Amino acid sequence: MKELSLFEEPIQGKPFLKWAGGKGQLIDAISAHLPNMDNIDTYVEPFIGSGAVMFWLVSNYPNIKQVVINDLNTELVNLYQIIKYDVEGLITELKALDSEYKARPTQEERSEYYYQIRVEYNARDLASRERNVRLAALFIFLNRTCFNGLYRVNGKNLFNVPFGKYANPKICDEDNLRNDSALLQKVEILNGDYAETLQYLSERTFYYLDPPYKPISETSSFNSYSSMSFDDEQQIRLKGFCDAINAHNGKFMLSNSDPKSVDDTNTFFDDLYRDYNINRVLAKRNINAKGNKRGEINELLITNF
Ligand SMILES: C[S@@+](CC[C@H](N)C(=O)[O-])C[C@H]1O[C@@H](n2cnc3c(N)ncnc32)[C@H](O)[C@@H]1O
């Protein structure tokens, strides 16, 4: 296993998944709005998803003492734990899946294999919280070979994304997995509701909050990462969480969609976060908003500093 050392080039990790709402392309905007990191000891990311911001931050600010990540998605959290504790076991499983898949030359045969793996994934023991290397490998395999790398489940928490016809998907990116594993050694990984991360709050804590976005158009209404929906009431509950951080002089940055970019009169977040700093940043999104042919649209970065 790679170890972090003060004397070597810092390790650069990047997400091991494709993820709806992935923040890779917003890193520049986010880095321009960070708090003074000299005053931060603890970084908390309660909606980790594919972790684009966390991997970037941990790679570029190796002096942060404590890093905590969380997600409600138990299978995703299992994957993070396996990468942290058993990355070699994961790589072995993934290589086996990769050879099985690529031994099938036609899309029809690959599609059949994909659905077979999806059945195996859906037969998982949903109650089990034990770390499971096979389940972690199936998660990455499905993410790399399914339609658009989506993660969508039905009300019974069964993964239901169809096959995606890729010519040569990279199923096992072992160098990146090992880099991520090295970075995760200093990261505490939790599986629960975001509110449980409030216990890490102090004046020297920075929270980056990237919840499921408020849908702003018919075509962008995908936010079912888990079988629980994140509706307006949930957005309002999250504002209460931000208030709690602020009341204890912690720092937060929150990302969300900007409903105003498709409807001038929709000031939902402007009203909700009127006591904070609301920044608008441009993001490329795969949506059909009016007057936005290139798919560039404003998103919100809200901070209390
Ligand atoms: C927009 S995604 C985060 C994207 C991430 N920043 C990235 O770059 O990939 C939102 C995440 O929040 C998780 N989630 C939804 N409701 C949650 C809750 N109540 N508590 C914690 N996580 C939740 C979802 O499982 C999903 O992974």
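Predicted model: local features only at pLDDT ≥ 70, side-chain atom pairs only at ≥ 80, totals over all residues.

Visitor: Why are helices H3 and H6 called roughly perpendicular?

Guide: The axes of H3 (residues 74-85) and H6 (residues 133-145) cross at roughly 110° and come within 9 Å. Angles of 65 to 115 degrees count as roughly perpendicular, under 35 as roughly parallel, over 145 as roughly antiparallel and the rest as oblique, so H3 and H6 are roughly perpendicular to each other. The axes are lines fitted to C-alpha atoms, for helices over the stretch in contact, and the angles run from 0 to 180 degrees between N-to-C directions. Helices themselves are DSSP runs (H or I, at least four residues), as are strands (E, at least two), numbered from the N terminus.

Visitor: Which residues of H3 and H6 meet?

Guide: From H3 come Glu75, Leu76, Asn78, Leu79 and Ile82, and from H6 Val133, Leu135, Ala136, Phe139 and Ile140; contact means heavy atoms within 4.5 Å. These residues divide into 8 nonpolar, 1 polar and 1 charged.

Visitor: What makes Asp193 and Arg237 a salt bridge?

Guide: Their closest N and O atoms are 2.9 Å apart, and the term asks for a side-chain nitrogen of Lys or Arg within 4 Å of a carboxyl oxygen of Asp or Glu, so the pair qualifies. Asp193 sits in the loop between strand S3 (187-190) and strand S4 (205-209), whereas Arg237 is in helix H8 (residues 232-247), 44 residues apart.

Visitor: Where do Asp243 and Lys239 lie, and what is their closest N to O distance?

Guide: Both lie in H8, 4 residues apart, about one turn of the helix, and their closest N and O atoms are 2.8 Å apart in a salt bridge. Asp243 has a relative accessible area of 28% and is partly exposed, while Lys239, with 14%, is buried. The cut-offs are under 20% for buried, over 50% for exposed and in between for partly exposed (1.4 Å probe, protein chains only).

Visitor: How many salt bridges does a search of the whole structure find?

Guide: The search finds 17. Another of them joins Glu100 and Arg104 (3.7 Å, N to O), and Glu88, Lys95, Glu174 and Arg178 are linked in a network.

Visitor: Why is helix H7 called largely enclosed?

Guide: Because 8 of the 11 residues of H7 (residues 174-184) are buried. Among them are Asn176, Leu177, Asp180 and Leu184, and the buried residues pack against elements including helix H2 (52-60), strand S2 (66-70) and helix H4 (87-102).

Definitions and conventions:
Residues numbered from 1 in each chain as written. Heavy atoms only, no water. Nonpolar A, V, L, I, M, F, W, Y, C, P; charged D, E, K, R; others polar.
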